[in-house]
Amino acid sequence: MESVSSKGQRLDRWLWSARFFKTRGLAANAVKNGRVKVKEVRAKPATMVKIGDLIHIRRPPYVHKLIVLGLTSRRVSANLAQELYAETADSIAVREALRRNLALDAVVGERRWGQLNKKERREREKLKRSFR
């Protein structure tokens, strides 16, 4: 990884370079809206992130709990981005359980030709809402 200031790196830039968000602007908006916490505290986009910091990223319906392992001054490939952080074991377990539950709760539509008409779409939405 390229050298970064000894103070650390801006949170929005780290989230972007670690590929959690497609643009730095999206990362900054997520931080401003309270979806990202650093050390259990709501952060600002300019918060400096250091190696060893614990970051919570809420991207509904999932929550990622990460430990910062590296900093980089530029956006890197997906393979290298995974070396910038380590996800906690409990975070992985909770996310997998939620993924399984969502898959079980999914309403699978009947396979048919063409698009659904208005009545069929309304019936499908009514059925989906009844399971919530």
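**Aromatic rings in a predicted model**

Tryptophan 14 is buried, and tyrosine 85 is buried too. Buried means under 20% relative accessible area, exposed means over 50%, and partly exposed lies in between (1.4 Å probe, protein chains only). This is a predicted model, where local features need pLDDT of at least 70, side-chain atom pairs count only at pLDDT 80 or more, and totals for chains, interfaces and linings use all residues. Residues are numbered from 1 along each chain as its sequence is written, and side-chain values use heavy atoms, with hydrogens and water left out.

Now look at the rings. A pair of aromatic rings is described by the distance of the centres and the angle of the planes. Rings of Phe, Tyr and Trp (its six-membered ring) pair if their centres lie within 6.5 Å; planes under 30 degrees apart count as stacked, over 60 as edge-to-face and the rest as tilted. The structure holds 3 aromatic pairs. In one of them, the ring centres of tryptophan 14 and tyrosine 85 are 6.4 Å apart, with planes at 75°, so this pair is edge-to-face. Tryptophan 14 belongs to helix α1 (residues 11–17) and tyrosine 85 to strand β7 (residues 85–87), so the pair ties together parts 71 residues apart in sequence. Helices (H or I, at least four residues) and strands (E, at least two) are DSSP runs, numbered from the N terminus.

Tyrosine 85 also pairs with phenylalanine 20. Their centres are 4.9 Å apart and their planes stand at 50°, so the pair is tilted. It links distant parts of the chain: phenylalanine 20 is in the loop between α1 and α2 (24–32), tyrosine 85 is in strand β7, and they are 65 residues apart. Phenylalanine 20 counts as buried because its relative accessibility is 8%. For tyrosine 85, the relative accessible area is 18%. Trp14, Phe20 and Tyr85 form one aromatic cluster.

Step back to the whole chain. The protein has 5 helices and 7 strands. Along the sequence, they follow the pattern β-α-α-β-β-β-β-β-α-β-α-α. The radius of gyration is 19 Å, well over the 14 Å that the globule rule gives for 132 residues, so the protein is more spread out than a compact globule. This radius is taken over C-alpha atoms, and the rule is 2.2 Å times the number of residues to the power 0.38. The C-alpha atoms fill a box of roughly 60 × 30 × 30 Å, taken along the principal axes. Of the 132 residues, 28% are buried.
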